[in-house]
Amino acid sequence: MTSIPTEIRVSKDRKCLTVTFDDGARFALPAEMLRVLSPSAEVKGHGPGQAVTVPGKRNVGIMTVAAAGNYAIRIGFDDMHDSGIYTWTYLRELGEDGERMFAGYEAELAAKGMTRDRAERPR
């Protein structure tokens, strides 16, 4: 059974989303991680092998959080990306495994000669 958030809060500096689930689990999810691991087609692609690595998002902030039905939220970032639908399941996955996932992202950046600080075209 899927855990459901009981509270979703954006930090005052807009750099972190804290999600508390109905089982008491609570996760502070950095805006940068949410942005670069967005479940959107723009980042994940439309099929296998189409995902891209998005550089230069270290300082991205959260502008908006809106409900998407009863199962997810849509996050709008200050770089104007707002097409990702973050399901409760995906938010939980980011909370539990986000550090490993973000480390994989950092390895992809390094392999492609990109950085978290310099914005350029995703590849």
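1. Met80 is exposed, with a relative accessible area of 62%. (Exposed means over 50% relative accessible area, buried under 20%, and partly exposed in between, with a 1.4 Å probe and protein chains only.) Met80 sits in the loop between strand E5 (72-77) and strand E6 (85-87). Its phi is positive, about 80°, although Met80 is not a glycine.

2. A note on the basis. This is a predicted model, in which local features need pLDDT of at least 70 and side-chain atom pairs count only at pLDDT 80 or more, while totals for chains, interfaces and linings use all residues. Residues are numbered from 1 along each chain as its sequence is written, and side-chain values use heavy atoms, with hydrogens and water left out. Helices (H or I, at least four residues) and strands (E, at least two) are DSSP runs, numbered from the N terminus.

3. Arg14 also deserves a look. Its phi is near 70°, a positive value in a residue other than glycine. Arg14 lies in the loop between strand E1 (5-10) and strand E2 (16-21). Arg14 counts as partly exposed, at 36% relative accessibility.

4. Arg92 belongs to helix H3 (residues 88-111). Is Arg92 buried or exposed? Its relative accessibility is 17%, so Arg92 counts as buried. Its side chain makes a polar contact with the side chain of Glu96, at 2.7 Å. (A polar contact is a pair of N or O atoms within 3.5 Å; within protein, one must be able to donate a hydrogen and the other to accept it, and residues adjacent in sequence count only if both atoms are side-chain atoms.)

5. What does Arg92 touch, leaving aside residues up to four places away in sequence? The list is Ser3, Phe21, Asp23, Ala25 and Phe27. (Contact means heavy atoms within 4.5 Å.) Arg92 also lies over the face of Phe21, 5.0 Å from the ring centre. (A charge sits over a ring if NZ of Lys or CZ of Arg is within 6 Å of the ring centre and within 35 degrees of the ring normal.)

6. Now the rings. The count comes to 3 aromatic pairs. (Rings of Phe, Tyr and Trp, the last by its six-membered ring, pair if their centres lie within 6.5 Å; planes under 30 degrees apart count as stacked, over 60 as edge-to-face and the rest as tilted.) One of the pairs is Phe21 with Phe27, edge-to-face, at 6.0 Å centre to centre and 70° between the planes. Phe21 and Phe27 are both buried.

7. Phe102 and Tyr105 have ring centres 5.2 Å apart and planes at 45°, so this pair is tilted. The two are 3 residues apart in helix H3, which means that about one helical turn separates Phe102 and Tyr105. Both Phe102 and Tyr105 are buried.
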